[in-house]
Amino acid sequence: MKLSQFGYDLPEDRIAKHPAENRDESKLMVLHRKTGEIEHKMFKDVIDYFSEDDIFVFNDTKVFPARLYGNKEKTGARIEVFLLRELNPDTKLWDVLVDPARKIRIGNKLYFGDDESLVAEVIDNTTSRGRTLRFLYDGSYEEFRQALKDLGETPLPKELNREVEPEDEERYQTIFASKEGAVAAPVAGLHFSRHLLKRLEIKGVKMTSVTMHIGLGTFSPVEVEDLSKHKMDSEQAFITKETCDVVNEAIDNKRKVCAVGTTTMRTLESAVSSNGRLNTFDEWTNKFIFPPYDFTIANCMITNFHHPKSTLMMQAAAFAGYDFLKKAYEIALKEDYKFSTYGDAMLIID
């Protein structure tokens, strides 16, 4: 398929700037793949589509406050530093993005905090905006990581086009987030409230998790028309034996296996055994899913409404069917559904 097939006009006012007042009260569009029927619900109604021993698979990654602001030595220019991944804990080496990048060269030093107790030196250029920083900090490693947290802010996506607000610290995080390492939230999971999880548990629906530490590569623009030529950035993912056992039992018993979000789905599809079961996983994956694609593990999926030409939209189209997804997006635009990170949700089911 071609990149241009995933273009559509997304008006600015359809991008949700803030989350719904209650997590489980966003809109939910339900797409029935077998019949082509589309229903309009509230997210908390998702429980009606699942029965005892069906399972939800979540991504339990936790977002860390990855956006810092420092000042360049001598000039004092304000520089945004976006932490991507830690390369070496001992030497405090990090992969980062800087903005504005043209001002930041190898050898430059950046100072953070009112007391400038945290300093970073640029030791390599990796891409046009990418740099490798060595942090200099007079304290233990635990104190250094705490300093990063104290100085960092919630890494809201740029497309929201607003300043970070206090509520974002809680709302740009799933309620089941437990393993820190992501620079972006698994947004389909943001719709689940504690009350909804309790209702699902009472109904006998099972829940399990995988971990994918989401990097900015998930949101990188596709710059080739031929999708088979696009290369995803690698992201670290983990699947435990306990999760495999729960998922494989559900597959054997022909239960619903619902992947909550594109990152969960990519993690599951990165660990498929030759006999169509889920394997344990502890490595990096750069799996890119676009139509046509045969899914092995999950038979239903929850996702948000995504930006034009995004890899997230492409994966949703691979699961729903390209024509069905395009129709759903057209309806969503007419029916005032909200798009993007804090937007409304879609359940794709047979």
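This is a predicted model: local features need pLDDT of at least 70, side-chain atom pairs count only at pLDDT 80 or more; totals for chains, interfaces and linings use all residues.
Thr243 sits in helix H4, which spans residues 241-252. Is Thr243 buried or exposed? Thr243 is buried: its relative accessible area is 3%, under the 20% cut-off.

Next, show the surroundings of Thr243. Beyond its neighbours within four places in sequence, Thr243 contacts Thr208, Ser209, Val210 and Leu278.

Now select all of H4. Which strands does H4 lie across? They are S3, S12 (206-212), S13 (235-239) and S14. H4 runs at about 130° to S12.

Stay on the sheet, but look at another helix. Select helix H6, residues 311-320. H6 packs on the sheet and touches strands S1 (27-32), S16 (300-304) and S17 (345-349). The direction of H6 makes about 150° with that of S16.

Colour the sheet by strand. The sheet is open and has nine strands. Step across in the order S2-S1-S17-S16-S14-S3-S12-S13-S15. The pairing is mixed. Stop at the edges: strand S2 (38-42) and strand S15 (281-285). Why does each of these strands have a side without a neighbour in the sheet? Each has a single partner strand, so one side is left without a neighbour. Turn the view along the sheet for the twist, which averages 25° from one strand to the next.

Select S3 (residues 55-59) and S14 (residues 257-260). S3 and S14 run parallel, joined by three bridges. Zoom in on Val57: its bridge partner in S14 is Ala259. Strands of a sheet pair through backbone hydrogen bonds, so display the backbone here.

Note on methods:
Residues are numbered from 1 along each chain as its sequence is written. Side-chain values use heavy atoms; hydrogens and water are left out. Helices (H or I, at least four residues) and strands (E, at least two) are DSSP runs, numbered from the N terminus. Buried means under 20% relative accessible area, exposed over 50%, partly exposed in between (1.4 Å probe, protein chains only). Contact means heavy atoms within 4.5 Å. Two strands pair if DSSP finds at least two bridges between them. Axes are lines fitted to C-alpha atoms, for helices over the stretch in contact, and angles run from 0 to 180 degrees between N-to-C directions.
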